[in-house]
Amino acid sequence: MRIIAPKGFEEEATGENVIAGPAMMREVLLNTPVALFFDSMAVRLKAEDAEGESTTIKITFTDLQESYLLTLKHSVLHNHLVSEATPADATLRLTRPLFVDLLIGRAGLKELLFSDEISFEGSRLDLIGFFSMLDKPQGRFNIVTP
């Protein structure tokens with residue numbers, strides 16, 4: 001009989017942190033429902049940077065045929081599934097995997113501005129400003145804490 005211990009047990013037994021690297025984080029984010037994914041972005045919003053900001057960003061996932069409106073107001077980020085015709089200050093059209101790569105730092109500003117897989121409408125400055133208000137996920141956390 002073979003017993004497979006969960007990572008939390010491994011951390012507890014060795015006293016070492018189990019680290020989720022970018023590849024693992026990417027897979028988790030790619031398999032997370034989109035609405036929950038945007039909820040996690042709302043948690044990572046740096047409220048002090050967002051203070052006084054008000055903007056709407058529409059993100060259309062070309063591979064999923066879905067559009068989401070992200071509304072930033074009063075240092076709070078909300079998201080809603082919307083039609084592609086919904087107006088926004090800036091619109092970003094891209095695939096979900098490329099969006100995840102941008103958020104975890106696997107793809108950078110160069111890809112955001114010059115990739116053929118991305119199209120924009122509206123203000124690129126609003127879009128870049130919006131992404132700069134989000135903390136990047138660290139991928140490191142204690143699974144079991146004393």
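Q: In which strand does E66 lie?
A: This is a predicted model, where local features need pLDDT of at least 70, side-chain atom pairs count only at pLDDT 80 or more, and totals for chains, interfaces and linings use all residues. Residues are numbered from 1 along each chain as its sequence is written, and side-chain values use heavy atoms, with hydrogens and water left out. Strands (E, at least two residues) and helices (H or I, at least four) are DSSP runs, numbered from the N terminus. E66 lies in β2.

Q: Is E66 buried, partly exposed or exposed?
A: Buried means under 20% relative accessible area, exposed over 50%, and partly exposed in between, with a 1.4 Å probe and protein chains only. E66 has 27% relative accessibility, so E66 counts as partly exposed.

Q: Which residues does E66 touch, not counting residues up to four places away in sequence?
A: Contact means heavy atoms within 4.5 Å. With that cut-off, E66 touches V34, I59, T60, F61 and L81.

Q: How far apart in space are E66 and R93, C-alpha to C-alpha?
A: In sequence, E66 and R93 are 27 residues apart. In space, their C-alpha atoms are separated by 10.0 Å.

Q: Which strands stand at the edges of the sheet?
A: Two strands pair if DSSP finds at least two bridges between them. The open sheet has five strands in the order β3-β2-β1-β4-β5, with mixed pairing. Each edge strand has a single partner, so one side of it is left without a neighbour in the sheet. The edge strands are β3 (76–82) and β5 (119–122).

Q: Which residue of β4 stands opposite I59?
A: Strands of a sheet pair through backbone hydrogen bonds, either parallel or antiparallel. β1 and β4 run parallel, joined by five bridges. Opposite I59 in this pairing stands L92.

Q: Which residue of β5 stands opposite A90?
A: Strand β4 (residues 90–94) runs antiparallel to β5, and four bridges join them. The residue opposite A90 is G122.

Q: Which residues of β4 point the other way from A90, L92 and L94?
A: In a regular strand the side chains alternate between the two faces of the sheet. β4 is mostly covered, with five of its five residues buried. A90, L92 and L94 point one way; the other way point T91 and R93.
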